[in-house]
Structures are given as structure tokens and as C-alpha cells.
Amino acid sequence: MLNTKIHSISQQLQHYAINCSISYFLLICILCISFSSAAVTSVNDLKSQQKNEILFNIHAYYVEDLALQQSFETTQPFEALLAKLDPYSKYLDEKELEALFSSTNGRYTGLGIEVKEQEKQIIILNAIKNSPAAIAGVQKNDIVLAVNQQSVVNKDINQVTSMIRNSDTATVTLTIKRNDAIQPIDFALTRTEISLESVTSSLSEFGIGYLAINNFSNNTLHEVARQITKLQSNYGNSLTGLVLDLRDNPGGTLQSAVAVSDLFLQSGTIVTTRGRFYDANQSFSAKKGDILNGAPIVVLINENSASAAEILAAALKDNHRATLIGSQSFGKGSVQSLIPLGNGNTALKLTTAKYFTPSGQSIDGIGITPDWAINQTALSQIDKVVIIKNEQGNGNRMWPDLSPGDPLLLKAQQLLTMK
């Protein structure tokens, strides 16, 4: 039954692959080197016919009905139109489109950093495992000061992305400010092809699995199923519980989130989408078959859990399948579709729908509220007791390769061992 379910979900992924819920801060610092030098690289280079094609698609499919001019025969700047759209809608040139396809398929050529924009600073959120950035020593919470000796102060995330992507050399120098360093640090990073590790796992001696989903790509469904099967095989039985870690997960494809949600649900609505055109209005429901056979689940979220991660978290919460702990999630509740332009070498990434949780709530700009609100740095008295016992070496520490002082993991252990 479960294999049939996975095959069915794979077909859905192929059918709906054009709908992409793109991460809100994943810096696609990519340079694909096999493109024509004549490719359009900026909206400034678009011809009137191409602009009118984009205008038509916005009129027809954008999630909101905007009052727009009917053509671009006039001298009104094209950028004025794009400025009326939400931050997730944009024109993609050949390089950006190829980069998007590559990252959705779990690979890309780049530096291997994920960033967020906060208080007019570009902050490193993660250095992807085995990437040039991770190998060189770039760390979480590093602040980017310059790209190739050009200051990024007061530049937004899109401008910094462009500076990295359009660098003339394969090696990009990032100047980093680190809290414990007196002087800025320069990192010379050479782009390389990176295989994104979407899912990692670990097992406790109590049969409780730990599964971290780092992003949602076209491969995530099969990686989750494979990792859970491996955990069950190592334990020699069905898991007694599962910790599903979605912290700092920026999202990915809508269909991947739906498929992974379906693995853990026997029935019920997973998510619904609503937009202005007919095909934007869809409802996704779970099919029978639970890969964990009903074992309890605790989901970890934080303020950087977004988009597809929020779909999964809300689906498990609203269907009473999991307990959520952590902090309010990011609140990225819109769906982007890729609309090919011209001969298909470029595309418009356009917000075409909003998604709603099984309980009918929109989380756009709000986020998912956890059942147990826990500050990442705050520890309850019972958590402190657990840490003290672990430090005394009682042999019951969960997931020894993970931080023993992680308050969310400690709370998850407490909840699962009480069930």
C-alpha cells in the first residue's frame, strides 16, 4: 500500500512540477557556464513584445487583480510594473531559470550559502554541508560586508545575489564580519556543483527517530522514505516516535511538501490553494497509508521555517498527527508558478495563489503557531535537569551527534517518552 502511495505521489510531482513555492531567503548564488552570451540578462534589455507577454500573464494569472496599463508602447518604466508585485514574483533570465531547476532537483553550481536579510544586513543562515563555503569555514550568523571588495552595505538580498551571480570569475571573495573576530575575514570561494542534502537522520536507543528536512526538492519524498526505512531497519522494529526538524527550512516545491505530508497521514486535507484563475484553486488530500504506523510525531519549527515547511507543519498539526514546538514560523503563504516566456529559455516566476491550512487559515505574514512555544535559548527547569543528567553520563542521551543543550530537542524527547 505504501509503495503504491509513493508511486502515486511521484506522478503528482511530475504533473504539478510547474508550481513552485520558492524559498524566501535561499540565496541562489549560481553561475551556470553553458549559456549563450546573447541571453537576456536584465529586464532593461527586454523588448516591447516580451514586456507585453509578461503584462498579459500578470493580467491573467497574478493572485491579485492589479490595475495595469495595457501595453508598453509608452515610455513608462517596466520596473514600475514589477514593483507593484509581491517580493516573490520576478522575471528569470536563462541563468536564473536554470539555477532554479537545478536547485529544485537537489543540485546547483554555486558557493553553498543560505542567507537572510535582517535590519539591512545580509546574514549567513547556513553553509551547506560539503560546499565551498562550509569547507572554507563560513559560519552561521556571519555578516556579509562585501563581495569581491565591493561593499554590500545597504544593499538588499537581490542586489547581493546579482553581485555574486554576475561575478566575472569562478572564485568569489566574500568579506565577512564575525562577532568574535576583531577584523573582517576574507573567504575566497570557488563555485562548484553542489548536491543538496535534503534530509538527514539519527536514531536514539529508545527507538525515537530524528529527521531533519533542510529544504524541499523533487527528491525529498524519496529521501524521507529512505531515511525512515533505514531508521526502522537499524532499530529492528517500527519507530516508537519521530522528531521532525523543520527549523531554518526555507521551503521548496509545493508538491514536495504535499507528498511528504501524505507519508504521515491516513486521511484529511493537507493544504488548499486559492487564486484568481481556475487551476489555481486546488485541494490536496491525504491517501491511506502512514509510514510510521501511527507512532507519535513532534515537529520543530522556528522563525526561519517557511513556505513548504509551514505547509507540512500545519498539515500535521491541524490533522492532529503531530505536536509542534518552537517559535512562530516565518509566514510565507503564497504559491509561485513558473510561466515560460518566448521560446522557453526565460520565465516569469509569478505568485498565482495563496495557500490555506487544513483548518482554513491563511498563514501569509502570520506564520504557524506552535503547540508549545519555546524560545531557542530558554530552558525550563525540567530541561535543565535532563541536561545535567546527560552531562553526568547516564547513557540515555538522544542523538549524541546533536547538541545536548538544544531545548527543543529536549522537549521533544520529553513529549515522546511520555506517550
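Predicted model: local features only at pLDDT ≥ 70, side-chain atom pairs only at ≥ 80, totals over all residues.
The protein contains eleven helices and 20 strands. Of its 419 residues, 53% are buried. Contacts between residues at least 6 apart in sequence were also examined, and 71% of these join residues at least 24 apart.

An open sheet is built from six strands in the order 11-12-13-16-17-20, and the pairing within this sheet is mixed. Its edges are formed by strand 11 (199-203) and strand 20 (372-373), each of which pairs on one side only. Inside the sheet, strand 13 (residues 241-245) and strand 16 (residues 297-301) run parallel and are joined by four bridges. Within this pairing, Asp 245 is found opposite Leu 300 of strand 16. In general, the strands of a sheet are held in pairs by backbone hydrogen bonds, in either a parallel or an antiparallel arrangement.

Two helices that pack on this sheet may be described in turn. Helix 9 (residues 308-318) touches strand 12 (208-213), strand 13, strand 16 and strand 17 (322-326). The direction of helix 9 makes about 130° with that of strand 17. Helix 11 (residues 407-418) also packs on the sheet, where it touches strand 12, strand 13, strand 16, strand 17 and strand 20. The angle between the directions of helix 11 and strand 16 is about 165°.

Helix 11 has twelve residues, and the distance from its first C-alpha to its last is 17 Å, close to the 16 Å expected at 1.5 Å a residue. Ten of these twelve residues are buried, so helix 11 is largely enclosed by the rest of the structure. Among the buried residues of helix 11 are Pro 407, Leu 408, Ala 412, Gln 413 and Leu 416. Lys 411 is also on the list of buried residues, and Lys 411 lies over the face of Trp 372, at 3.9 Å from the ring centre. A second contact between a charge and a ring involves Arg 274, whose charged end sits over the ring of Phe 356, 3.8 Å from the centre of that ring.

Elsewhere in the chain, strand 4 (residues 113-118) and strand 5 pair in the antiparallel sense through six bridges. These two strands form a hairpin with two residues between them. In the turn, Glu 119 has a positive phi of about 50°. Gln 118 stands opposite Gln 121 of strand 5. Strand 5 (residues 121-127) is mostly covered, with five of its seven residues buried. Strand 5 also runs antiparallel to strand 6 (residues 143-147), to which two bridges join it. In this second pairing, Ile 123 has Ile 143 of strand 6 as its bridge partner.

A pair of aromatic rings is described by the distance between the centres and the angle between the planes. The count of such pairs in the model comes to one. The ring centres of Tyr 61 and Phe 277 are 5.0 Å apart and the planes stand at 75°, so the pair is edge-to-face. Tyr 61 belongs to helix 2 (residues 48-61), while Phe 277 is in the loop between strand 14 (269-274) and strand 15 (282-285), so the pair ties together parts that are 216 residues apart in sequence. Tyr 61 counts as partly exposed, because its relative accessibility is 28%. Phe 277 likewise counts as partly exposed, at 22% relative accessibility.

Methods
Residues numbered from 1 in each chain as written. Heavy atoms only, no water. Phe/Tyr/Trp six-rings, centres within 6.5 Å; stacked < 30°, edge-to-face > 60°. Buried < 20%, exposed > 50% of the residue type's maximum accessible area, 1.4 Å probe, protein only. Lys NZ or Arg CZ within 6 Å of the ring centre and 35° of its normal. Pairing = 2+ DSSP bridges. Contact = heavy atoms within 4.5 Å. Axes fitted to C-alpha atoms, helices over the stretch in contact; angles between N-to-C directions. Expected span 1.5 Å × (residues − 1).
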